[in-house]
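Hi everyone, thanks for making the time today. Please have a look at the structure on the screen, and I'll walk you through some of its details.

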Amino acid sequence: MEFRLLGDIEARLDGQPIALGYARLRCLLAVLLVEANRTVAVDDLVERVWGHNHPRRPRGAVQHGITMLRKALTPLRDVEIAWRSTGYHLTVDPATVDVHHFQDLLGQARTTRDDARAADLLERALELWRGEPFGTLDTPWVNTVRTTLLGHRHAAELDLTDIRLRRGQHGALVAELSAQAADNPLDERLAGQYLLALYRSGHQADALHHYQELRERLADNLGADPSPPLRTLHQRILAADPALDLPVRPVMPRQLPAPPRSFTGRTDELARLTKAVGEHAIVSVGGIGGIGKTWLALHWAHEHLDRFPDGQLYVNLRGFDPSGQPLSPDTAIRGLLAGLGVDTAALPADPEALAGTYRSVLAGKQILLLLDNAADLAQVTPLLPGGPTCTVIVTSRRQLTGLVAAHGAVPLALDVLSAAEATELLARRLGAERVDGEPAAVAGIVASCGGLPLALGVVAARAATHPRLPLATLVAELTDAQLDALGGGDLSSDVRSVLSWSIRGLDDEAVRVFGLLGAAPGPDIGLPAAAALAGLPVARTRAALRRLDDAYLVQEHVPGRFRMHDLIRLFAAERSTEDEPLRRLVDFLLRTAYAGERRLYPYRPPIDVDPLPVGDAAAWFDAEHPCLLAAQELAAARGWQREVWQLAWALDTYHRRRGFLRDQIVVWTAALGTDDEAVRARAHRVLGHTHTYLGEPTDAGGHLRQALALAEQQGDLAGQAETQRCLAWTWVFRGDDRRALEHATTALELCRATDRALLDGAPELNMVGWLQAKLGAHDEARRHCAAALAIHRKHHNREGEAEALGSLGFLELQVGDHDQALTHYRQAIAVCRELNHTRGQAELLGRMGDVLLDAGRPNEAREYLREALDLHRSQHNVVDVERIQGVLATLTQRDLGPDFGPG
């Protein structure tokens, strides 16, 4: 940790003859800074600066050093060294001295009960470190203080780790703590954190192994056993103590991006915004692109966090995205609900039901909802809470008059910055001294940028990157780029002119990556995908992205993912004329998605795609899902038919398990454009089955008829079998089990007539058995369902196993064996929970209630039915909710509708 003041003073002393020597002078200043605003006796100064090697005239040496320091401090405001009766006293604002600022932040962090605030304070404290304390200075006093400060830093790092563990970040911490434990092999607190992170990440054996290594190391080096707290933790890990699991706490979202540090002016607008929020629930902030709408909203929000005790939500609606694809309300709602801790896999597919769930979750909460960059009223309306307790701030380049008329929103329009505000913005970014030194050039910059904050920010970034560049040179560049017209006319072309020279300082590789990123589909891009797009190694791509980040051209909004402001992205896209990089990106996303799909559900016949390695498949799909949809849309626009249908295929399992049925419709509808009849048959089949579950029988029937006709034309017996099973489901939902059994039986016969890879017709066997059970053919049902269960277990298909167990449970209920029915259902529920199959859980819990009612155990039945009801409500399945409510009301109804059994 170097002191900020020390660097300023050394620069001013550069080149001056100093008899005392830089090292002693630096040490003298270090003592005074550490003891800032306290008097230090001369004898103490001598002892701390020279140690045991006192100069011949120690007081004279101190006096000479003080004289040199005073001379250096003369230009600095509010810093002086004065003689007091017993020694010297340095007066300075402690916040300007890193060591005191560090200690102050630590003190605040350790007194707050808010983990989010404590983590922020600790991170800010640790960011102050820029190397070893005092650099190369070497005296007994310096070495002692250095050791103390390093100990405080280590303690702060451990405090931050404790908070991160409490906030569920154990997975990300494992690698960090492994490296730290290697560097500090005897630190028992660090070892305890590492053990807990390993255990919570599912690595119990590794945690126990690390404990044994530590125990042996302590014995060999110190002749001691681990401390009692560490021994206790070891025993709890051995026993798999549930108390070690992360406690479930209410989610308080804090999604606001960081406040803009260079925010300037807007005093009147901020006052109007405060007044509007106090009187109304919705405020609409409008103005042209780059005018500072988001900056204003974020600055105000961070200044008024105390108004929103239940948290803050933020979403960029991308209403004016260069790709022309605003964020859909459904996608926005899913992201907001995820921020509120709602399981997105359990959310309903129907847009109205999804919006109802969203409003229910927000009901009664005092939350700030910042809807940034809205396209129109239709995009915003579904995102509005249903009550007055939440505050909504919407930013848009449109006036959103309908929001004012229909919802009572208060409009707040932003104009360009005044000349004084624009000058202050530059001063904050570049320093008052530099701005005051070239007033004419500053006036030229302000005039050329026309008060547009975005343009001013780009100019400031250019000037900050080149601190020795005269501002007058920038004015000449602005004039050459014709930015003097930026105050009026076509703003997008004016900003383009600013950006045309803002990238001049970048190397060719960074400029090329910049252009490619602008053309890439999706709202953002991950580092591996960016490397595929650029055709570069990951390390070189990361370096190029960092250079673009430094130039404020991209933003790493989450670790490893990068996005652009929409105007910058539009400009970047215009610079890219290459088509092959986009093909590489689509290929990368397809091959990785295919590998992820095979990991999620390896029981489908493979397709001709060369997979790329993928880690956590579900997490990868969660992060890349919007980009995958955008990639398929790009492929369709470019006529890349093969990639279109293969992306739909690769997304199939993810969409089904997450319940993204509307997205399933979109991707497979796009796949219908292929010339490959086999693919078209598959697309019609998936679309028909999905429309069935969405309660759209007309669309379902049309697609399934076409799928069957194509499969018959091609002689595809496996395709015919799958289509017949889908047709069986349509009759189940219509309530005609006999017609359903006819189709299911046909599907089974077709499977037996062909080489059915992997699952050997198990789904068809199960469906036939389940329908036979419904129709009273119990012996045949048992034979078919048991055979299906055996096949699924043989192939380790857990999802199929749950379906077959559900069918057997239903069968045992029909024959009156309640205990066996409950056993099957419990096993099936356990598998569904393992797979996070919430639809299956809800159906099976309802079946459990049905069994218990039939067994004359109504109190137990109520518990299962209520849990099933909660799950159906969370998915907003209106029909199922009404059905179970009726059962709970009467405790006599038995028909809960289509059972969870066949898949």
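This is a predicted model: local features need pLDDT of at least 70, side-chain atom pairs count only at pLDDT 80 or more; totals for chains, interfaces and linings use all residues.

Let's start with Trp 620, which has a relative accessibility of 16% and therefore counts as buried. How are the two rings arranged, then, the ones of Trp 620 and Phe 621? Their centres are 5.4 Å apart and their planes meet at 75°, so we call the pair edge-to-face.

Staying with rings for a moment, searching the whole structure turns up 13 aromatic pairs. One that I'd like you to find is Tyr 594 with Trp 649: the ring centres are 5.5 Å apart and the planes are at 35°, so this pair is tilted. Tyr 594 sits in helix H28 and Trp 649 in helix H30, residues 641-658, so the pair links distant parts of the chain, 55 residues apart. Are they buried or exposed, Tyr 594 and Trp 649? Both are buried.

Rings meet charges here as well. Arg 153 has its charged end over the ring of Trp 129, 4.6 Å from the ring's centre. Likewise, Arg 734 lies over the face of Trp 731, and there the distance to the ring centre is 4.5 Å.

Now let's step back to the whole protein. There are 903 residues, and 51% of them count as buried. The fold has 42 helices and eleven strands. If you take the contacts with a separation of 6 or more, 65% of them come from residues 24 or more positions apart.

What about the nonpolar cores? The largest has 67 residues, and the members touching the most others are Phe 514, Leu 517, Ile 525, Leu 548 and Trp 668. Helix H28, residues 580-600, gives this core its largest share, with ten residues. There is also a second, separate core of 51 residues, and Leu 29, Leu 90, Phe 102 and Val 145 are among them.

Let me zoom in on Leu 548. Leaving aside residues up to four places away in sequence, Leu 548 touches Leu 506, Ala 510, Val 513, Phe 514, Leu 517, Leu 553 and Val 554.

Several of those names bring us to helix H24. Its buried residues include Ala 510, Val 511, Val 513 and Phe 514, along with Gly 515, Leu 516, Leu 517 and Gly 518. What caps the N-terminal end of H24? That is Asp 507, with a side-chain oxygen 3.1 Å from the backbone nitrogen of Glu 509. We can check the length of this helix, too. H24 has twelve residues, 508-519, and at 1.5 Å a residue they should span 16 Å; the end C-alpha atoms are 17 Å apart, which agrees.

My last stop is Thr 541, in helix H26, residues 538-550. Thr 541 has a relative accessible area of 0%, so this residue is buried. Who does Thr 541 touch, not counting residues up to four places away in sequence? The answer is Leu 527, Ala 530, Ala 531 and Leu 536. As for Ala 529, its C-alpha is 9.9 Å from that of Thr 541, and the two are twelve residues apart in sequence.

That's my tour, and I'm happy to take questions.

Conventions. Residues are numbered from 1 along each chain as its sequence is written. Side-chain values use heavy atoms; hydrogens and water are left out. Helices (H or I, at least four residues) and strands (E, at least two) are DSSP runs, numbered from the N terminus. The expected span of a helix is 1.5 Å times one less than its number of residues. Buried means under 20% relative accessible area, exposed over 50%, partly exposed in between (1.4 Å probe, protein chains only). A polar contact is a pair of N or O atoms within 3.5 Å; within protein, one must be able to donate a hydrogen and the other to accept it, and residues adjacent in sequence count only if both atoms are side-chain atoms. A nonpolar core is a set of buried Ala, Val, Leu, Ile, Met, Phe, Trp, Tyr and Cys residues joined through side-chain atoms within 4.5 Å. Contact means heavy atoms within 4.5 Å. Rings of Phe, Tyr and Trp (its six-membered ring) pair if their centres lie within 6.5 Å; planes under 30 degrees apart count as stacked, over 60 as edge-to-face and the rest as tilted. A charge sits over a ring if NZ of Lys or CZ of Arg is within 6 Å of the ring centre and within 35 degrees of the ring normal.
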